[in-house]
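Please have the sequence and the 3D view open while you read, and follow along one stop at a time.

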Amino acid sequence: MLFYRKLSRYIFPLLLIVAVTLFKLSFNELLGARTPFLLYTAVIVATIWYSGWAIGLITNFVCVGIVDYYFIQPYHSFIMPSRIGIQVAVFTGQNLLVAVMGYSMKRALKKSEAAENKFRLLIEQACDLLVLRNEVGKAIYVSPKVKEIFGYSPQEYEAQIIDRLYTPKSLTEYKGSVEQILAIPGGCSFVKLQFIRKDGSYGWLEGEVFNYLTEPGIYAMVSHFRDVTERIGIEAQKDSFIGIASHELKTPLTSIKAYLQVMESKAKRHDDPFFKDALTKVNHQIKKMTVMINGFLNLSRFESGKLHLDKETFNLNDLVQEIIDENRLIMSGHEIDFKPVSDVYVYADRDKIGSVISNLISNAAKYSVNGKVINIATEITNKHVQISVQDFGMGIKPEDKKRLFERYYRVEAEQNKIISGFGIGLYLSAEIIKLHDGSIWVESEIGKGSIFYFTISSVVDMA
Ligand code: ADP
């Protein structure tokens, strides 16, 4: 095999020389004597590429000999007029130059091919699934990882319509996220999607979508996904455990509360200061426990899609005042200043909006040990009612602000280790406000304090 390869290196230039010489001889009259070296440059460059430098150089001199013999006067003799020497030197130099240029190009091409291969391999072997979709949502590239996750080959996946790949709810979410960043070149959106495998089973993907539609060389919406089916399964088990446990805890708590009421009325009759004080403290602790258990119950209801709104029309200022009074009983050391707008009535779930306000107030107190004042205000803005809760405590870093409303998210700070909490209050608050078509956000400066705001859209001003 090696022998034939070696032989072909000599035969290749030989065949080229014969072909070019025969061609030139046949059309000699037409071509004339002015371009004796025509076509031989191509022979030499091709030889250098195919057979290497040494054979290329030999070919160069063979060609000079042939040109001199057949195409330079006197014809059919190797005598060369001295003026032709310069032409031969230029011919040889130009061949070398073209060959060097070609050789450098070949090397550069090889290098970029190697780099491209490296990146392609990296993408193909990466744990993430990479999907590129064009502006109309058609898949134009999908990494081979798709076979492992979806069960489809990349070609099969690209041929599928997107509706077959995701559940209707996830598809709406996906399209919503894409729409959000459509007008923002380079914009990124986080997605969590339930997908449908080739065999019809379901799984979960998590990842980011980037808008690179105007990025030269990409021109696509780029998504990278991770298969998080296993983690979501474990989370579902945990949620169901929390749901069952908090439900079971509610029953004994209700009877403790009933007994407590009886004991309180008995203590009042006997006017025993010790029992009265002890019962007030027990009552506060029971209230704290109730809030905690209700939080877990709501979390598990929300996760299983069973958190329903029970809407009614009520005076929002009255509700805020009620929550403030309840919180005053259980927190000491903070002063609450409430600035209400003129009476405002909203059509919302009173209990759930109450739990959001309560959570914001108790957080304001928990995370501002040094700040003594908590300002609460209601305001009407653009047919929405806005509630704000301000504290002068530790504040929140910008990078934490983004994640504050995620489930189980707690800021990792030394001071926070001694403050109890599960990181579900703000998550639930955000979900409750979302269910009311409202928005919730925070403004904060580290060391100076925070203001949490939320708005609810449906306002019925009955004043
Ligand atoms: P929890 O307070 O039970 O940990 P939350 O969901 O209510 O859970 O709050 C999530 C995290 O947000 C808290 O752990 C805390 O780090 C931060 N946080 C919430 N409210 C404030 C606040 N007013 N000031 C500073 N940090 C806050």
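## A first stop, then the wider picture

Let's begin with Val98, which is found in helix 5. Keep in mind that the model you are looking at is predicted. Is Val98 buried, exposed or partly exposed? Val98 has 15 C-beta neighbours inside 10 Å, so it counts as partly exposed; a residue needs 20 or more to be buried. Leaving aside residues up to four places away in sequence, Val98 touches Thr41 and Val45. Phe27 is 71 residues from Val98 along the chain, and the C-alpha atoms of the two are separated by 26 Å.

Lys147 counts as partly exposed because it has 16 C-beta neighbours inside 10 Å. Its contacts, not counting residues up to four places away in sequence, are Tyr152 and Ser153. Arg197 is 50 residues from Lys147 along the chain, yet their C-alpha atoms are separated by 9.7 Å.

Next, look at some backbone details. The loop between helix 4 (53-71) and helix 5 (84-125) contains Pro74. The peptide bond that leads from Gln73 to Pro74 is cis, and its omega is near -5 degrees.

His76 also lies in the loop between helix 4 and helix 5. Its phi is near 55 degrees, which is a positive value in a residue other than glycine. Is His76 buried or exposed? His76 counts as exposed because it has 7 C-beta neighbours inside 10 Å, and the cut-off for exposed is 12 or fewer.

For another positive phi, go to Tyr219, where the angle is about 45 degrees although the residue is not a glycine. Tyr219 sits in the loop between strand 4 (202-212) and strand 5 (220-227). With 13 other C-beta atoms within 10 Å, Tyr219 is partly exposed.

## How the helices pack

| Helix pair | Angle | Axis distance |
|---|---|---|
| Helix 9 (residues 229-270) and helix 10 (residues 273-303) | about 155 degrees | 9 Å |
| Helix 12 and helix 14 | roughly 145 degrees | within 9 Å |
| Helix 10 and helix 14 | about 50 degrees | 10 Å |

How do helix 9 and helix 10 run relative to each other? They are roughly antiparallel, because angles over 145 degrees are counted that way. Their crossing is left-handed. The contact of helix 9 with helix 10 has 16 nonpolar, 6 polar and 6 charged residues.

Helix 10 and helix 14, by contrast, are oblique to each other. Helix 10 passes helix 14 in a left-handed crossing. On the helix 10 side the contact is made by Gly295, Asn298, Leu299 and Phe302, and on the helix 14 side by Gly425, Leu428 and Glu431. By class, this contact of helix 10 with helix 14 has 3 nonpolar, 3 polar and 1 charged residues.

The crossing of helix 12 and helix 14 is left-handed. Here Lys352, Val356, Asn359 and Asn363 of helix 12 meet Gly425, Ser429, Ile432 and Ile433 of helix 14. The residues of the contact between helix 12 and helix 14 divide into 3 nonpolar, 4 polar and 1 charged.

## The nonpolar cores

In soluble globular proteins, nonpolar side chains tend to be buried together.

How many residues does the largest nonpolar core have? It has 34 residues, and those with the most contacts inside it are Val320, Val356, Ile357, Leu360, Ile361, Ala364 and Val389. Among the elements that give two or more residues to this core are helix 10, helix 11 (316-330), helix 12 (350-366), helix 14 (425-435) and strand 10 (384-391). Which element gives the most to this core? Helix 12 does, with 7 residues.

Take a closer look at Ile357. Not counting residues up to four places away in sequence, Ile357 touches Val320, Ile323 and Ile387. There is also a second, separate core of 15 residues, which includes Val131, Ala139, Tyr157 and Leu193.

How values were computed
Residues numbered from 1 in each chain as written. Predicted model: local features only at pLDDT ≥ 70, side-chain atom pairs only at ≥ 80, totals over all residues. Axes fitted to C-alpha atoms, helices over the stretch in contact; angles between N-to-C directions. Helix = DSSP H or I, 4+ residues; strand = E, 2+ residues; numbered from the N terminus. Parallel < 35°, antiparallel > 145°, perpendicular 65-115°, else oblique. Left-handed = near helix turned anticlockwise from the far one by under 90°. Nonpolar A, V, L, I, M, F, W, Y, C, P; charged D, E, K, R; others polar. Core = buried A, V, L, I, M, F, W, Y, C linked by C-beta atoms within 7 Å. Contact = placed C-beta atoms within 7 Å.
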